[in-house]
Structure formats: C-alpha cells, structure tokens
Amino acid sequence: MASRIAASRLLRRSNATLGLLRSYTHARNYSSQLSALIPIGSQNSNLTRHYYLPNVSQYQLWSRSFASDSGDKVEAVVPFMGESVTDGTLANFLKKPGDRVEADEPIAQIETDKVTIDVASPEAGVIEKFIASEGDTVTPGTKVAIISKSAAPTETHVAPSEDATPKETPPPKAEEKKPKVEEKSPKVEPPKMQAPKPLPPKTSPTEPQLPPKERERRVPMPRLRKRIANRLKDSQNTFAMLTTFNEVDMTNLMKLRSDYKDEFVTKHGVKLGLMSCFVKAAVTALQNQPIVNAVIDGDDIIYRDYVDISVAVGTSKGLVVPVIRDADNMNFADIEKGINTLAKKATEGALSIDEMAGGTFTISNGGVYGSLISTPIINPPQSAILGMHSIVQRPVVVDGNILARPMMYLALTYDHRLIDGREAVYFLRRIKDVVEDPRRLLLDI
C-alpha cells in the first residue's frame with residue numbers, strides 16, 4: 001500500500017513538472033537566452049522562480065514572435081506601446097494575405113491615443129492569414145497575423161474577373177428601363193399641368209426639409225481625435241480660462257531675419273524663422289513671471305525651475321504637441337533645429353510618446369493658416385498658452401506719424417485660478433518688448 005502511494009505521488013510530480021516545462025517551452029521564442037535559463041530535464045521546484053533576460057527591452061520582448069511546434073509558422077503580435085498606453089485600435093493592414101514580407105517589415109498599423117505604431121513581421125515569409133480585424137481594440141501581445149516562412153506568395157487575380165461578369169449584366173437592364181421611363185414621362189406630365197399643388201408645402205413652413213440620409217456618411221472617430229476631444233473638454237471644464245490680448249510690431253524682427261538669414265543658413269544649416277524668437281521671448285517671460293510656468297496640483301502649487309516649450313503642430317490626423325526640452329539652455333539655431341525635427345516627425349507620424357510628454361508652456365501659431373485672432377485652449381497640465389497669428393500690414397502711429405507696419409495679434413490664455421490678470425499682462429508685455437526689440441535678448445533687459 002505504501003509503495004502504491006509513493007508511486008502515485010511520484011507520478012503526480014512528474015506530470016506537474018512536464019506540464020510546467022510544456023508551458024515554458026510553448027511560450028515566446030526568446031532564443032537561446034531563455035532556453036539557457038530553464039533546464040528542460042530538471043525536476044527542481046525552483047522552476048517556478050521568475051527569470052529575467054539581461055539587456056532586453058520591453059519593446060523587444062513584445063516584438064518577438066510566437067512560434068508553433070513545427071517552427072514553420074510565426075505569429076506577428078502587437079508590440080509594446082509605452083508605459084502610459086495600454087491598448088490601441090487596429091487602424092489598417094499594409095499587406096494582404098498571400099503577400100511576401102521581409103523581416104521587420106510593417107504589415108499593420110496600430111492607432112493609439114498619442115502615436116501610430118507599426119506591427120512588423122518577425123520573420124521573412126508569406127502572410128497566411130490575419131487573426132485580428134481592422135477596428136479591433138488590441139493590447140500589447142495580441143496576435144495579428146500568421147506568417148509562413150516556407151510558403152510561396154499566392155496570386156489572387158480571380159476577384160477582378162468575377163467582379164467583371166456582374167458588371168456586364170446591368171447595362172441591358174438599364175436599356176430596358178429607359179424606354180419605360182420615356183413612356184411613363186408623358187403620362188405623368190398632364191396631371192402636373194392640370195393640378196398645381198404647391199400649396200401644402202407653403203401651409204407648413206415650420207417643418208424643416210432635411211436632406212436624405214443617402215447624402216450623409218457615418219465613420220468611426222479615430223482614437224487620436226477622441227483623445228484630443230476629451231483633453232480639450234477636460235481643459236474647458238477644469239480651468240478658469242481667461243484670455244488677454246496685445247499686438248506686436250514685427251518690423252525689427254523681420255528686418256533682423258532678412259539681414260542675417262543667409263549667414264544663419266550657411267553657419268547652422270537651418271533657416272532662421274520667427275518661431276525661435278518667440279520661443280526665446282517666452283523663456284524670458286516665464287523667467288520673469290514664474291507663476292505662469294507653475295501648475296496647480298490638488299491643494300499645492302508646483303513651481304518648475306525648467307522651461308520645456310510645447311509647440312502645437314497640425315497634421316492630417318489631428319493636432320499634436322511635441323516638446324522642446326530645456327529651451328532656456330538653447331540658442332536660436334538649437335531651437336530652429338529642434339522645431340524642424342519635431343515638425344517633420346509629426347508630419348510623418350513618427351513622433352514617440354516621450355517626445356510629446358511633459359511641457360510647461362505651449363505656443364500655438366495659427367498665423368500659418370491665416371488666423372487673425374483667436375482664443376487658444378490651455379494644454380493640460382499646463383497653466384497658460386500663447387497664441388500667435390498672421391502678420392498683417394496695419395496703420396499705426398509712430399512718433400506722431402501714421403505708418404503702415406507689419407502687425408501681429410498675440411493672445412495669452414491662462415488659468416485664472418492660479419494666475420492673476422496683472423501677471424498675465426506683464427507676461428504678454430514682456431514678449432511684446434522682446435519681439436519688437438530683439439536686442440533686449442543680448443543685453444538681458
């Protein structure tokens with residue numbers, strides 16, 4: 001009896017060990033590193049410990065493929081999308097079943113609240129099928145496609161020939177209907193001539209005549225647009241927003257740019273724009289009025305002794321706000337290079353989450369689209385935002401004379417819970433003084 005009990009216990013232990021080993025060997029293919037960490041033939045209970053892979057990022061772990069037992073098929077999965085991003089929407093497939101793909105070639109795009117992420121093929125091969133569908137909500141590790149490493153690409157040209165046959169049948173039907181319409185039209189015309197009935201619509205003018213539903217299109221809202229909508233509405237509901245305005249004479253700044261633009265490009269390899277001067281002006285204004293650079297956190301006020309300027313960039317998918325780090329330690333060339341790099345990434349949809357996180361103050365230039373004046377909305381968790389607008393020739397009084405000068409309206413929207421009107425006006429006045437006389441930046445006055 002004792003021998004039977006001992007044998008059954010030994011059998012249960014061996015089955016548990018075998019199941020544990022199968023779960024480990026059926027997990028992701030972490031190459032030789034993982035196999036070295038888990039001894040296949042061991043019956044030690046230490047197998048339940050957690051092992052970590054050295055020098056392997058979390059993104060690389062999620063990006064690696066799941067392999068089947070045969071080793072011929074691999075599964076493309078959703079990669080790691082960032083610590084603050086938990087899920088995304090499968091926006092579209094870049095390939096079709098039967099297409100040949102190379103290793104690390106994008107096959108699908110995941111749209112998150114902040115950025116668009118590619119799902120890459122882990123191995124070279126042929127896409128056998130897609131597991132997920134467009135519009136699905138996916139998380140890191142979700143299987144998207146199965147790729148066969150040994151299959152040959154298939155040509156799917158049957159669909160066009162099948163679609164061509166039904167397209168040939170409608171013309172006869174249309175031709176048959178045409179004479180019927182022509183025969184009925186003269187029959188319908190006499191009653192219209194004899195019985196004019198335009199009165200019923202006139203008797204009820206209050207009833208609106210809506211366009212037919214066939215002329216409307218309903219499409220799902222992209223995740224980025226949802227995120228923008230939620231953040232703007234939260235900003236409107238949270239902050240006590242107030243906007244103050246001023247106007248700036250751009251004569252001296254535009255002359256400075258015209259005089260030194262060629263030498264600037266020759267030395268620094270980037271064009272001298274107006275945005276770098278406004279960033280430098282905002283830095284000096286934030287240093288003079290540190291309350292504008294602060295933020296409310298519960299019952300506390302957090303003063304930030306650094307200046308990270310967020311620059312609003314409009315793209316085809318929506319508004320993104322990349323951040324120029326430590327703008328207070330940059331010169332004009334550094335700022336221009338940083339803005340050009342971030343703007344290019346934003347246009348290509350290649351911005352990372354880190355490049356859009358943080359920021360202590362935002363500058364939005366609606367003037368590039370021709371906006372004359374606006375009231376920008378605060379970008380949380382910041383406390384103020386500067387709005388630039390288009391440059392227009394307007395008559396102004398200079399030394400008693402009326403002259404035409406290039407003028408720009410500036411708008412500062414601020415959180416009135418934290419910033420009083422006095423500090424807001426001083427802040428905007430400082431920007432006006434620096435832009436109208438850029439020599440103040442050199443003399444620090």
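The protein has a mean pLDDT of 78, and 71% of its residues score at least 70. Among the secondary-structure elements, strand β18 (residues 384–388) has the highest confidence, at 97, whereas helix α2 (residues 31–37) has the lowest, with a mean of 39. Across residues 14–70 the pLDDT remains under 50, although the model places 62 contacts beyond four places in sequence for this segment. Where pLDDT is low, the predicted coordinates should not be read in detail.

Twelve helices and 20 strands were assigned in the protein. Of its 445 residues, 35% are buried. The accessible surface comes to about 27900 Å², and carbon and sulfur atoms contribute 53% of this area. Among contacts with a separation of 6 or more, 62% are between residues 24 or more positions apart.

The whole structure contains 14 salt bridges. One of them joins the side chains of Arg 325 and Asp 308, with an N to O distance of 3.7 Å. This pair links distant parts of the chain, 17 residues apart: Arg 325 is in the loop between β16 (323–324) and α10 (332–348), and Asp 308 is in the loop between β12 (300–302) and β13 (309–311). Arg 325 is partly exposed, at 33% relative accessibility, whereas Asp 308 is buried, at 7%.

Arg 429 pairs with Asp 433, their closest N and O atoms lying 3.5 Å apart; both residues belong to helix α11 and are four residues apart, about one turn of the helix. Lys 432 pairs with Glu 436, with 2.8 Å between the closest N and O atoms. Because Lys 432 and Glu 436 are four residues apart in helix α11, about one helical turn separates them. Arg 429 counts as partly exposed, with a relative accessibility of 41%. Lys 432, by contrast, counts as buried because its relative accessibility is 11%, under the 20% cut-off. Helix α11 itself spans residues 421–436.

Strand β10 (residues 241–249) contains Phe 245, which is partly exposed at 39% relative accessibility. Together with Leu 372, Ile 373 and Val 392, Phe 245 makes a nonpolar surface patch of about 320 Å².

Technical notes
Residues are numbered from 1 along each chain as its sequence is written. This is a predicted model: local features need pLDDT of at least 70, side-chain atom pairs count only at pLDDT 80 or more; totals for chains, interfaces and linings use all residues. Side-chain values use heavy atoms; hydrogens and water are left out. Patches are made of residues with over 30% relative accessible area and no salt bridge: like charges are joined within 9 Å, nonpolar side chains (Val, Leu, Ile, Met, Phe, Trp, Tyr) within 5 Å. Accessible areas come from the Shrake-Rupley method with a 1.4 Å probe; for residues, only the protein chains shown count as cover. A salt bridge is a side-chain nitrogen of Lys or Arg within 4 Å of a carboxyl oxygen of Asp or Glu. Helices (H or I, at least four residues) and strands (E, at least two) are DSSP runs, numbered from the N terminus. Buried means under 20% relative accessible area, exposed over 50%, partly exposed in between (1.4 Å probe, protein chains only). pLDDT is the predictor's confidence in each residue, from 0 to 100. Contact means heavy atoms within 4.5 Å.
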